[in-house]
Amino acid sequence: MDHINELSAILKGLLDWNKPRVNCLTQLIINLFLFRTVNLSELAVGFCGNAQLPSNYRRIQRFFQKVSFRSNFIARLAAILFPPGEKGWYLSLDRTNWKFGKSNINILMLSITMDGIAIPLFWKLLNKRGNSNCEERVELFKSFIELFGKEKIRSVLMDREFVGCEWLTWLHDNDIRFTVRIKHNIKTISNSGRAVYVRYLFKGLTVKHSMVLKSRRVIYGINAWCAGMRLESGEWLITLTNHDPSDSLERYAKRWGIEILFGCLKTRGFNFESTHLSSPDKLNTLICLLSIAFCWAYKIGEWKSTVKQIRIKSHGRQEKSIFRLGLDCIRTAITTLHIRYDQFKEVMQRFWEPISGMNPDLMREL
C-alpha cells in the first residue's frame, strides 16, 4: 500500500479531489500498467485492500460516473513535461475511430508532435461516424489558443482528411501556420493558365525525388505553396502550406507521430478498444487516464534511454520504442514491488515529483 499512498499524495497536490477519489485514480493508473487494458473488470482485480472484487468494480463504476478532469488538465500537464521551444510546437490534428456494439467511438485529437511521437493536448468525441467538420476543428484550436496563444504553433500537420475551403481559410485568416497533404487530383492553374490536376505540376519527378513549386497556387481557396514527391509505391505525396515551403515534406512526415500515439493507446500499450464505455463523459475521463499513463511511460522511457542506449537491430530500427521501454520499466517496478521498491520509487519520482513541485502560477503562464 505504500506505493499507492505515495503516488496518491502527489496526485492530491495536482487535483482538487477528496482522498477516496485520488486513491481510486492512483490504483487505476497503476493497474493500467499492470494489466495493459482499460477493461474495468480487469482493472478491478488489481485494487489493494480488503474489499471484494464486486465492490472494487462498483467503486470504479462510481468513479467514471461522478469524476471529471478539468478540460485543460492534460494540456497543462503536457506543457510542463514537453515545453515548446523558441519556435513553438508542431501540432498534429487527426482522428481515430472504432465501433463498440451500436456506438461509434470517434475521437478528434490535437496533439504535440515531437521525436517521432505525439502527446495528447485536446480532443473532441464526435457523435457520428466519419470525418470531422470545420466547427469541430475550430473548437479544439480555440481551446489551444485560449490556453497557449497562436505564437506557440510552429505548424499544424494534417493528412488528406483535413482539407476543404472553409477549414483552410479559417486557419489562414487566423494566421495559423499549417502543412497539409492534399489529393493528387485536386485542380489548380498551371503556369500556362490551364486548369490541371495538381499532380501535373510534378509530372517530371522520378521515384523518391521531390520538388517545391517556385510560385504559389490557389488550392482550396488558399494562395499557398505546394511541394511534391513520388513515392516508391507510385503514389503522390503532395503538400500544401501557408509558410516556408522548403521543408514542408519533412514537416509533414512528423505527422506520423500521432499514428504512433494512437497505437500506444491501443494495441501497443493499453488496449483502448477493449473499453465498454460509450458515454462521452466517461470516455473523456478514460482518455485523461490514458494520457497520464502514456506521458509517464514516455518520460521514463526517455530517462532509461539516456542511461542505456536502445539497441539498434539489423534492419536499422530500435529494438524497443521509447514508450515501450518506459512501459516495461514501470510494469517491472510494479510487479516486483516486494523486492524492488526502490525501483518503483525512482520511476515515480522522476516523473511525478517535478510536476507536483511546479508553481501553479507558472503552469497558468505556459
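## Getting started

Helices (H or I, at least four residues) and strands (E, at least two) are DSSP runs, numbered from the N terminus. This is a predicted model, in which local features need pLDDT of at least 70 and side-chain atom pairs count only at pLDDT 80 or more, while totals for chains, interfaces and linings use all residues. Residues are numbered from 1 along each chain as its sequence is written, and side-chain values use heavy atoms, with hydrogens and water left out.

## A turn of α11

Let's start in helix α11 (residues 322-335). Arg-324 and Asp-328 sit four residues apart there, so about one helical turn separates them. They form a salt bridge (a side-chain nitrogen of Lys or Arg within 4 Å of a carboxyl oxygen of Asp or Glu), with the closest N and O atoms 2.8 Å apart. Asp-328 is buried at 15% relative accessible area, while Arg-324 is partly exposed at 30% (buried is under 20%, exposed over 50%, partly exposed in between, with a 1.4 Å probe and protein chains only).

## α11 meets α10

The axes of α10 and α11 come within 7 Å and cross at roughly 100° (axes are lines fitted to C-alpha atoms, for helices over the stretch in contact, and angles run from 0 to 180 degrees between N-to-C directions). That makes the two helices roughly perpendicular, the word for 65 to 115 degrees. Residues of α10 that meet α11 include Phe-294, Trp-296 and Tyr-298, and on the α11 side Phe-323 and Leu-327 are among them (contact means heavy atoms within 4.5 Å).

Beyond its neighbours within four places in sequence, Ile-182 touches residues including Arg-160, Val-198 and Tyr-220.

Arg-160 pairs with Glu-235, with 3.1 Å between the closest N and O atoms. These two are 75 residues apart, each in a loop. Both are partly exposed, Glu-235 at 34% and Arg-160 at 28%.

Another bridge joins Glu-139 and Lys-124 at 3.2 Å, N to O. It links helix α6 (residues 134-148) to strand β3 (residues 117-125).

How values were computed:
Parallel < 35°, antiparallel > 145°, perpendicular 65-115°, else oblique.
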